Amino acid sequence: MSDEKLYIVLMGLPARGKSTLAVRLRDAFRKDGIPTRIFNNGNLRRIYRSLDETSRSEFYSPENSAAVEWRKEFARMNMERAKAYLCNSGQIAIMDATNAGRERRATIEKYLDDHSIFFIECINDDEDILNLSIREKIKLPEFARLKDKAATEFLKRIDYYRIIYTPLKVERNYIRIDSLQNMIIEEKHNDVIPFYDRLRDYLVTDEVKNLFLIRHTETEYNIENRIGGDSPLTKKGKEQATALGLFFKKKKISYIFTSKKQRTIDTAKAICEKQDDCRILSLKEFDEINAGTCERMTYEDIEKKMPHVFKKRGASKYHYVYPDGESYKTMKPRIIQGIKKAFFLNRRANNIMIVGHQAVNRMILSHFLYRREDDVPYIYIPQDRFYHIVSTQDKKLFELKRYD
Ligand code: F6P
């Protein structure tokens, strides 16, 4: 075992995925046999101060000098603990806090002077994600007491941090990362940083422990062979949805991501009903391929009435853009955005479920399982089976399973 030691200092506004990232890095390093521990200032705050006080935005105001002192004290306590940890058997200490101002980071650099420090700034300004993250956060007991003021108070807290926020710049070693996309925006390192290649790789890898990728069950349009639209489930479709619910009853599913179309939502509802604590989040990114002027037509109609469309699409299905609609290729960015959103909101859970559509699920599958572009639009996406996908550093699994 190497005796290299490292402080990883996270920074970013609240609800930017810092704590989730901290857990992800800790688990990955531990799996590699590298003793790693997280030092989270929020945990100390919750232990030493009353929730009544710390859930209110005023606790985070730079003008509230008593609270400023408390927050400094928690940072100091964690630095002391992290230092002691690395002095003993620990190899990586992850400092999880907003660390938004330069002043705080200068204190960290000054105090944690015995090993290398690497800063990571988490950036994510996607409104949708922010709103969804906040909606989930305020369900925590810490915010429960604020009732309908919880979201406003949390937004105010973010605004207070904005006042002192200074992006990483003068620090010697850092990465600024889009924490939704897992994409590095900027990196700088002046010193040799232990575990750097591994750290960088862990930051950008999309990992999924269990993804259950389901296609909505049978609809009226499916039996008529019509494409697109927003038709309801058939009797058989409803039975299939109930069977899915029973199949997944014993698995803990916290979120089911769907498109905005009724057929995916109704399928998800039947699954959700059998769970103890499950929510449906509908993302427009997972809507089925937009067939433009061909929406609601059957393939036979298209062949007869719009033979040029039929022929051209047949010749190059992946690239063909429906008149006023999309192609597989043009829908790719939104599908990837949907995957990123779903993973961002669900990162801590072991199971993630998406109820999508034929073309959508093909794109999701091809994100994890390499396929030639020309083959993607032909991936088999049945309605009586689902895909179980595992994609981690040390395991890749794609299994098509029956649920009835
Ligand atoms: O037929 C169901 C459906 O989901 C349609 O709504 C969609 O246009 C189609 O599948 C996508 O599959 P393909 O690209 O093979 O036409």
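The structure holds one cavity of 30 Å³ or more. Here a cavity is a set of points, on a 1 Å grid over the protein atoms alone, where a 1.4 Å probe fits but cannot get out. The model is predicted, so local features need pLDDT of at least 70 and side-chain atom pairs count only at pLDDT 80 or more, while totals for chains, interfaces and linings use all residues. Residues are numbered from 1 along each chain as its sequence is written, and side-chain values use heavy atoms, with hydrogens and water left out.

The largest cavity has a volume of about 60 Å³, a volume being the space filled by probe spheres set on grid points that are joined across faces, edges and corners. Its lining residues (those with an atom within 4 Å of a point) include Asn 41, Met 79, Asp 96, Arg 104 and Leu 112. α4 (65-87), β3 (92-96) and α5 (102-111) each supply at least two residues of this lining, and α4 gives the most, with three residues. Helices (H or I, at least four residues) and strands (E, at least two) are DSSP runs, numbered from the N terminus. By class, the cavity lining divides into six nonpolar, three polar and two charged residues; Ala, Val, Leu, Ile, Met, Phe, Trp, Tyr, Cys and Pro count as nonpolar, Asp, Glu, Lys and Arg as charged, and the others, Gly among them, as polar.

The second largest pocket contains about 530 Å³ of space. A pocket is an open set of points with protein on both sides within 12 Å along at least five of seven lines. Of the 25 residues that line the second largest pocket, Arg 24, Glu 207, Val 208, Lys 209 and Arg 347 are the closest to its centre. The largest share of this lining, six residues, comes from α1. The lining has seven nonpolar, eight polar and ten charged residues, and draws at least three residues from each of domain 1 (6-204) and domain 2 (208-402), with bounds from an automatic or database domain assignment.

The ligand is surrounded by residues that include Arg 215, Tyr 299, Arg 313 and Arg 362, where near means a heavy atom within 4 Å. Helix α16 (residues 358-368) gives the most to this shell, with three residues. The shell has five nonpolar, two polar and five charged residues. The protein covers 93% of the 390 Å² of accessible area that the ligand has on its own, by the Shrake-Rupley method with a 1.4 Å probe.
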